[in-house]
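Here is a walk through one protein model, from the overall build down to a handful of residues. Have the viewer open as you read.

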Amino acid sequence: MAAAAVAADSKIDGLRDAVAKLGEISENEKAGFISLVSRYLSGEAEQIEWSKIQTPTDEVVVPYDTLAPPPEDLDAMKALLDKLVVLKLNGGLGTTMGCTGPKSVIEVRNGFTFLDLIVIQIESLNKKYGCSVPLLLMNSFNTHDDTQKIVEKYSNSNIGIHTFNQSQYPRIVTEDFLPLPSKGQTGKDGWYPPGHGDVFPSLNNSGKLDTLLSQGKEYVFVANSDNLGAIVDIKILNHLIHNQNEYCMEVTPKTLADVKGGTLISYEGRVQLLEIAQVPDEHVDEFKSIEKFKIFNTNNLWVNLKAIKRLVDAEALKMEIIPNPKEVDGVKVLQLETAAGAAIRFFEKAIGINVPRSRFLPVKATSDLLLVQSDLYTLVDGYVIRNPARVKPSNPSIELGPEFKKVANFLARFKSIPSIVELDSLKVSGDVSFGSGVVLKGNVTIAAKAGVKLEIPDGAVLENKDINGPEDI
């Protein structure tokens, strides 16, 4: 036996013994964690052979425009929708935007949070078609308690809202390969949620998967809770049921802002996700180019529930492992994660659908919040709809300085959100604030000098301007 294999075995044995003593997590979680670490140590990750990568055909990545229209008959629509479950990934905190609690409770528009909008959308769907599409929220241990309290406010809605937790795994101390919680780190910092690839085993372990199957549900639509464009699409659902596709990833054309996003490839006869981390260094520029890899993963996924059950039971979902090194109180730790999109290659008749960009509207930073709170969008039945007055297909590019990073600071700097329907790009740096009724057009750069407070007056119209002080307005 090779020395490396012996070392890996002893690492796993030590880790297994230590994990067995951790009382905070279930036996399922312990088994899942040890299995993930064993795969990581075995080095089973296959290297992608670049020459074998093929561009997927339209049969594999189906253009959205070629999908058949859904049935017009209301009863047929109801029958389709009654096979569907919506699942939102709700494990993330709003910390990067300066907020406490789950990210899904940040107010997006008109006082509504991400979660409010999701509930309103599904409510209107259930009301319109007389169907009963339930909402599942996959929380992490970071968001569970807050989310349980928050969903109580929807108790009078016409949708069933169910929550479950994704797995809780211990961080591994790099130096001796033992779990951080067994070293006295008993707080939340000792643990991590292992990425959204964990949605499949967690759905099963929670008992929710069996319940949904017993209710006659067939497909789950999985999406990030912060993607305002991830709404139920009956055309996609109809296509998948009709063609018996077990898995569908929504992809959309890349722009220069998306060059790092994972893409779909055909590889040895199967469709699979190619992430930038898997790309050999000498091919990274090629991967980022929009010419060869024209699409990227939106993380809107449609998956057959029976297929999930089959593959989880067979322990067949061996997605690529993403090692994520961190530091906790000066201690170097490792957390191993997987992504739900990487599961595509294990499902039968898996496809991508090349969807319009409108189905990808994530809010990752306050610059995105500016877009969705502006006159570029309106709100109808919980849906964020783009203003038809915007002629250009792409959204303006917006860069806000660190003064705008936290939501509270961002809101304090705008008396009202400017009109940006005719804006191409905006770059703001320094201590800048905006009056009400400001209109921005073309390319606008506003840079306040150090120590100077720059206020854009009420009603100002700025078109193709470079502003460094009040005299430039």
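What follows starts with the whole chain, then turns to the annotated sites and a few other residues.

First, the ground rules: this is a predicted model, so local features need pLDDT of at least 70 and side-chain atom pairs count only at pLDDT 80 or more, while totals for chains, interfaces and linings use all residues. Residues are numbered from 1 along each chain as its sequence is written, and side-chain values use heavy atoms, with hydrogens and water left out.

**The whole protein**

The protein has 12 helices and 27 strands; these are DSSP runs, with helices being H or I of at least four residues and strands E of at least two, numbered from the N terminus. Its radius of gyration is 24 Å, close to the 23 Å from the globule rule for 473 residues, so the protein is as compact as a globular protein of that length. That radius is taken over C-alpha atoms, and the rule is 2.2 Å times the number of residues to the power 0.38. Along the principal axes, the C-alpha trace spans about 75 × 60 × 50 Å.

Buried residues make up 51% of the 473. Here buried means under 20% relative accessible area, exposed means over 50%, and partly exposed is in between (1.4 Å probe, protein chains only). Of the contacts (heavy atoms within 4.5 Å) between residues at least 6 apart in sequence, 69% join residues at least 24 apart.

**Annotated sites**

His196 sits in the loop between β10 (191–192) and α6 (199–205). Setting aside neighbours within four places in sequence, His196 contacts Leu89, Met138, Asn299, Thr338, Ala339 and Ala340.

Gln166 is in the loop between β7 (161–165) and β8 (169–170). With the sequence neighbours within four places left out, Gln166 has contacts that include Met138, Asn139 and another annotated residue, Gly195.

Lys364 belongs to the loop between β18 (351–354) and α11 (366–373). Not counting residues up to four places away, Lys364 touches Thr96, Met97, Lys103, Asn224 and Asp226.

| Residue | Relative accessible area | Class |
|---|---|---|
| His196 | 26% | partly exposed |
| Gln166 | 8% | buried |
| Lys364 | 45% | partly exposed |

Most residues other than glycine have a negative phi. Asn299, one of the contacts of His196, has a positive phi of about 65 degrees although it is not a glycine. Asn299 is in strand β15 (residues 295–304) and counts as buried at 8% relative accessibility. Asn110 also has a positive phi, near 50 degrees. Asn110 lies in the loop between β4 (107–109) and β5 (112–113), and at 56% relative accessibility it counts as exposed.

**A buried proline in a loop**

Is Pro418 buried or exposed? Pro418 is buried, with a relative accessible area of 1%, and is found in the loop between α12 (407–412) and β22 (423–429). Pro418 and Asp375 are 43 residues apart in sequence, with 7.9 Å between their C-alpha atoms. Beyond residues up to four places away, Pro418 touches Leu370, Ser374, Asp375, Phe434, Val438 and Leu440.
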